[in-house]
Amino acid sequence: MTKSVLIIEDEPNIVEAIRFFLIRDGWQVASHGTGDDALEAIRAQAPDLVILDVMLPGRSGMDILADLRADPATVALPVLMLTARGQARDRDLAERMGVSRFMTKPFSNAEVLDALRQLMPD
Amino acid sequence: MVQRQLTGTRIRERRLAMGMRQAELAVAAGISGSYLNLIEHNRRRIGDDLVARLAAPLGVDPGALGEGAEVDLVATLREAAAAPSTAVSTEPAEDFARRFPGWAGLLADTHRRSGDLARMVDTLTDRLNQDPTLAASLHDMLSTATAIRATATILAENRDLEPEWRDRFLGNLDGDAHRLAASARALAGYLEQSAQAGAAGAAPQDELDAWLSAQDWHFPGLEDGTATPDTVLADAEGLRSDPARGLAQGWLQRHARDIAALPLARITAALPRTGADPVALARATGVSLPVAMRRLACLPPGLLPVPVGLVSCDAAGSFTFRRALADFPLPRHGAACPLWPLFAALSRPLTPLRADLVQAGRGVAAVAAFAIALPVEDGNAPDLPLIEAHMFLSPTTPQTPPRPVGVACRICPQDPCPGRREPSILDASPAQQVV
């Protein structure tokens with residue numbers, strides 16, 4: 001069964017690279033570039049897993065995560081969060097809000113792939 | 001008064017250390033031996049003039065015998081003792097300063113320097129956390145680096161990549177590399193600018209205070225019209241950082257306005273009648289009270305019979321003018337003692353408050369404080385009036401016991417104290433209390 005992932009990230013070249021190596025790894029990949037309507041995109045596409053950037057145009061990834069965890073339909077949805085600020089405060093906040101994994105930029109492709117495989121074992 | 005003991009004892013110790021007889025020193029200073037004996041046993045208070053005459057034959061700086069320098073030094077030592085990691089609270093700072101002036105000076109300097117450095121670290125940390133330019137710049141660089149890393153890995157690990165994919169990723173890589181270079185250049189330029197702005201590392205207010213003290217708080221060129229705030233500032237070598245120069249510019253402009261409102265000639269004409277009394281001077285010359293206070297605080301050295309000090313603050317308690325008296329040190333940073341009439345005046349605008357004060361601790365004389373809070377001229381919106389409080393300080397011989405106050409809680413031994421908001425590290429032993 002093909003696993004699906006939705007990348008919510010506003011940097012097109014990052015999206016393109018992640019999309020490329022995830023497709024090669026057998027994932028079904030979709031992407032979304034803004035924060036304000038990201039929640040609707042997640043609900044519409046119902047992916048198995050979400051890669052969520054913290055700094056998004058329109059709305060913070062933290063707020064989106066909070067909404068996901070408040071909704072019974074998405075309370076257990078695996079979320080890999082990406083941030084350019086590796087500060088302990090951001091990490092603590094994300095963990096308190098129920099993030100599944102937290103990763104700071106610049107990450108390696110292998111790290112992302114490992115994290116996704118752990119979050120969605122075969 | 002405890003203060004006298006210090007000067008007399010110092011003179012005696014210094015004379016004995018030099019192996020000089022009392023009669024010799026008395027002759028050299030032009031006073032009688034019995035008078036010197038009274039001084040050395042702290043039975044007579046002596047003026048600056050006599051201290052200077054005694055200091056010369058003793059081969060020391062008058063400041064080393066006088067009280068002003070030591071009060072400042074002792075205040076700094078108390079600050080140093082208040083650091084959380086030290087355990088020297090029971091040792092009287094005065095004894096240390098008197099017996100080991102060199103070491104005490106070194107400790108005070110080191111303490112000041114470490115305070116400056118700590119503030120610089122705070123500033124830089126704040127800048128990293130809150131500076132929107134830095135945050136945006138770092139975010140941009142990390143995002144671009146992420147894209148470059150992910151793309152480069154794909155190109156390196158997939159040698160058999162289809163030509164259209166390869167061209168596409170190479171194009172992305174090229175674009176991201178240019179973007180990273182531009183971001184890095186912009187960040188370097190920004191950091192260089194910031195480094196220049198904070199060159200001296202000291203807090204701008206401290207830099208300004210040090211510079212004003214070095215000028216004796218007096219600018220002859222502004223008084224006689226041969227200089228302007230801008231030319232004074234252009235010649236001010238002691239002011240290094242841009243923020244301090246900005247503060248100095250505002251200070252000098254206000255000073256120039258004060259001079260225009262009340263020129264020196266009118267002050268010297270009025271002084272015989274008014275003395276160092278700001279209310280009398282304001283009444284005699286028709287200027288506002290704050291102008292009279294600031295003018296008195298910035299007169300040529302020697303014009304007033306006594307040294308005076310002035311502290312002004314805004315409604316938030318931040319100092320807008322600060323000239324300390326030797327017997328009334330001001331905190332270098334942070335909040336001051338809430339018992340000062342300066343702060344009581346804020347809640348009673350237009351009402352003058354007078355009190356004799358003495359700062360807790362040994363070796364400090366009483367000062368007369370006159371405080372009043374007034375609306376800021378030209379600074380008022382009808383629904384948001386700005387208030388500034390002023391406290392004029394001059395030496396006094398109180399008729400009734402002066403009210404004990406502090407510099408700031410952490411370095412104040414006063415106990416109990418209704419105004420205390422944090423514990424003091426200093427021991428409140430009876431010897432340290434002046435009543």
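Hi everyone, let me start with a helix pair in chain B: helix H11, residues 204-214, and helix H14, residues 242-261, pack at an angle of about 55 degrees with their axes 8 Å apart. That makes H11(B) oblique to H14(B). The crossing of these two helices is right-handed. Before I go on, please keep in mind that this is a predicted model.

So who touches whom here? On the H11(B) side we have Pro204(B), Gln205(B), Glu207(B), Leu208(B) and Trp211(B), and across from them on H14(B) are Pro243(B), Ala244(B), Leu247(B), Ala248(B) and Trp251(B). Sorted by class, the contact of H11(B) with H14(B) has eight nonpolar residues, one polar and one charged.

Staying in chain B, here is another helix pair. Helix H15, residues 264-274, packs with helix H16, residues 278-285, at an angle of about 125 degrees, and their axes are 10 Å apart. H15(B) and H16(B) are therefore oblique to each other, and H15(B) passes H16(B) in a right-handed crossing. From H15(B), the residues involved are Arg266(B), Ala270(B), Arg273(B) and Thr274(B); they meet Ala280(B), Leu281(B), Ala284(B) and Thr285(B) in H16(B). Split by class, the residues of this contact between H15(B) and H16(B) are four nonpolar, two polar and two charged.

Now to the sheet. In what order do the six strands of the open sheet in chain B run? The order is S2-S1-S5-S4-S3-S6, with mixed pairing. At the edges stand S2 and strand S6 (403-405) of chain B, each with a single partner strand, so one side of each is left without a neighbour in the sheet. From one strand to the next, the twist averages 30 degrees.

Let me zoom in on two strand pairs. Strand S1 of chain B, residues 309-314, and strand S2 of chain B, residues 319-323, pair in the antiparallel sense over four bridges. Within that pair, Val311(B) stands opposite Arg322(B) in S2(B).

Over to chain A. Chain A has five helices and five strands, and along the sequence the pattern reads β-α-β-α-β-α-β-α-β-α. Of the 122 residues in chain A, 37% are buried.

Finally, how do the two chains meet? In total, 15 residues of chain A are in contact with 14 residues of chain B. On the chain A side, the largest share, seven residues, comes from helix H1 of chain A, residues 12-24. By class, the residues on the side of chain A that touches chain B are nine nonpolar, three polar and three charged.

Notes:
Residues numbered from 1 in each chain as written. Chains lettered and ligands numbered in written order. Predicted model: local features only at pLDDT ≥ 70, side-chain atom pairs only at ≥ 80, totals over all residues. Axes fitted to C-alpha atoms, helices over the stretch in contact; angles between N-to-C directions. Parallel < 35°, antiparallel > 145°, perpendicular 65-115°, else oblique. Left-handed = near helix turned anticlockwise from the far one by under 90°. Contact = placed C-beta atoms within 7 Å. Nonpolar A, V, L, I, M, F, W, Y, C, P; charged D, E, K, R; others polar. Pairing = 2+ DSSP bridges. Buried ≥ 20, exposed ≤ 12 C-beta atoms within 10 Å, placed from the backbone.
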